[in-house]
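Please examine the fold below before reading the account that follows.

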Amino acid sequence: MPIGITEEKAAVIKHWSLSVYPGFGLVRIHYDVPAPFFIRLSVYDANDRFVKTLMNGEQKPGIYTVVWDGKDGHNRQVPNGVYFYRLDAPGITDTKKTVLMR
């Protein structure tokens, strides 16, 4: 008797948004997770150098907000300037740009 195998399509992240609050030195990043996923959210400078990982792990379904305080992975303040946020998850790799100002 043959055994049938059904392939299910996995849900993917369809939306995320970036909200920036200049003058406070904070950046708030909002994204929606439709199913349990491994999420990696990283910050890069204008020269494509890695600055900091903001999220790296499994997340349950829901709406999330991550706040970046303008510091690198060694807890040092980074200079004002252009930065990029990259979200990597199943079905999406997306990058958005912001300007950090204090």
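Which pattern does the protein follow when read along the sequence? The pattern is β-β-β-β-β-β-β, and the protein accordingly has seven strands and zero helices. Helices (H or I, at least four residues) and strands (E, at least two) are DSSP runs numbered from the N terminus. The model is predicted, with local features requiring pLDDT of at least 70 and side-chain atom pairs counted only at pLDDT 80 or more, whereas totals for chains, interfaces and linings use all residues. Residues are numbered from 1 along each chain as its sequence is written, and side-chain values use heavy atoms, with hydrogens and water left out.

An open, antiparallel sheet is formed by four strands in the order β4-β3-β6-β7; two strands pair if DSSP finds at least two bridges between them. The edges are taken by β4 (50-59) and β7 (92-100), and because each has a single partner strand, one side of each is left without a neighbour in the sheet. On average, neighbouring strands of this sheet are turned by 15 degrees against each other, direction ignored; the axes are lines fitted to C-alpha atoms, and angles run from 0 to 180 degrees between N-to-C directions.

Nine bridges join β6 (residues 81-89) to β7 in the antiparallel sense. The bridge partner of A89 in β7 is I92.

For the protein as a whole, 34% of the 102 residues count as buried, that is, under 20% relative accessible area with a 1.4 Å probe, protein chains only. Among contacts (heavy atoms within 4.5 Å) between residues at least 6 apart in sequence, 50% join residues at least 24 apart.

How values were computed
Buried means under 20% relative accessible area, exposed over 50%, partly exposed in between (1.4 Å probe, protein chains only).
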